[in-house]
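Trainee: I have a new structure to look at. Could you walk me through how to read it?

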Amino acid sequence: MSPARPPEGARTAVRSTELAACAPLRGYPRDDGRKGIRNVLVVAYLVECAHHVAREIARHFPAHEVHLIGFPGCYPNPYALDMMKKLCCHPNVGGALLLSLGCEGFNRPALEQAVQDSGRPVRTLVIQDSGGTRATLAAGIAWVEQTLPLLREQETVPMALSELVVGTICGGSDATSGLTANPAMGLAFDLLIAQGAATIFEETGELIGMENFMAERARTPELGDALRASVDKAAGYYATLGYPSFAPGNADGGLTTIEEKSLGAYAKSGQSQIDGLIKPGTQPPRKGLYLLDVVPDGEVRFGFPNINDNAEIAELIACGCQIILFSTGRGSVVGSAIAPVIKVCANPQTYRRMADDMDVDAGRILEGRGTLPEVGQEIFTLIQRVGAGEQTRSEVLGHQEFILTYKHFEPAGPACLPR
Amino acid sequence: MNATASSEPAAVARVLLLAPGDNVAVALATLRAGECVSVAGASVPLRQDVMVGHKFAVREIAPDETIRKYNCPIGSATRRIEAGEYVHTHNVRSNYLTNTTAVQGTA
């Protein structure tokens, strides 16, 4: 790794007039002090065997009010339990219906207790105890019918930008991602942090080659070492599995190596100081910029660290993100359960093909129809509009992708969150 | 780290040299073999077509020389690369995970 530092990009100033012009954020207050920008009821299956019943219950209701999430495995997994607790108690979630077959290993009492302790309505239905598919469906639909009005009646309160946690991810990257959408999202991150918000970037496997640049931006030298170690861990993990986080479309789009992809991905993090390194499900303790380490700890097991983009989105949401910024060059269409996804399209050709799926045309920078600071400001403004209730394109189109698989994590060390 | 694509919004450039010392530049439009493009004041004749977002050598690159983009190393040349030659997985390898191009059926 060369000690050369990437060139500093143009910083952009917050335009307070635009800030004032936006409708104020409104949030659903939660008992833990956080606020949600949506108020969805989640139907959660606790094993694949309960997936169909859960899906049929969810389908019975308006798609924007009832979201489907779940864990397919029959074997218990502490990571999956923790993820499901964090997701069912997410600020954008107002209540949870849990669907169990009955014989799976998932610790359903622990999940139900966590949701109950959070002050949210919760019900567990065990299909084997409820008389099978039809009876469970009827019971589930009845519970949601009775619970949804409570959610609809909940009042919102004013919400500050500093109460937002925003995550960023890139998917379907090509060589334009690192030129337009990712640095523009980085500018939006810098603007959010200046307003006191917490921001999270992720995928250490796509930061391979960036470890020394990141370490220079760490709040403390010890955190810098932890950031380097997280990327080393990712490189080792991917080397064992035989593939880096590099899909055929990345190469078709002009990216040659994982470190070239990393350069573009890294631009999502903006220019701010890196305040901490967190694991999936950890809330940022205060404002600032955090790296989410999504690569499991210990020996390589359970397969690829993140089998697709939505696995990473679910982990960002479990860290408390109410909004996800998603940059794409090749053209991803995904959204997510629980949190709105803002799609920032890096490639102007892709935008013309798939405009209906995209919230921001960042590729216009390449065609001289806009500048990086303008697009950064547009993303920052859009975050506020979505926080005030505006639906993103993926929400309008009904995208609510969700996936959760097996992983293992050790707790983060003390150097990861310096005080 | 931010790219400099926005620094000259007036003229829509066809190529982008992300940092002054880079030995590759990025195509902002589909460029054709035989075309001469201007990079940092020099004229570079292209030896192959270069698609949007893809790279070409702005000068001769020696075998094993580091490929630099954004003034950052993005890999090493696997052979001599001529000025104006298309630079991609066929003549560059990763310095980290060398099976980067393990793409089903196309590697």
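This is a predicted model: local features need pLDDT of at least 70, side-chain atom pairs count only at pLDDT 80 or more; totals for chains, interfaces and linings use all residues.

Trainee: How many helices and strands does chain B have?

Mentor: Chain B has 0 helices and 9 strands. Follow the sequence and you get the pattern β-β-β-β-β-β-β-β-β.

Trainee: And what percentage of the residues of chain B count as buried?

Mentor: For burial, you count C-beta atoms around a residue: 20 or more others within 10 Å make it buried. In chain B, 47% of the 107 residues count as buried.

Trainee: Let's turn to chain A. Where is A:Glu203?

Mentor: Look in the loop between strand S9 (198-202) and helix H8 (211-216) of chain A. A:Glu203 isn't a glycine, yet its phi is positive, near 65 degrees.

Trainee: Why does A:Glu203 count as buried?

Mentor: Because A:Glu203 has 27 C-beta neighbours inside 10 Å, and the cut-off for buried is 20 or more.

Trainee: Which loop holds A:Ile338?

Mentor: A:Ile338 sits in the loop between strand S12 (323-328) and strand S13 (341-345) of chain A. Its phi is near 75 degrees, again a positive value in a residue other than glycine.

Technical notes
Residues are numbered from 1 along each chain as its sequence is written. Chains are lettered from A and ligands numbered from 1 in the order in which they are written. Helices (H or I, at least four residues) and strands (E, at least two) are DSSP runs, numbered from the N terminus. A residue is buried if 20 or more other C-beta atoms lie within 10 Å of its own, exposed if 12 or fewer, and partly exposed in between; C-beta atoms are placed from the backbone.
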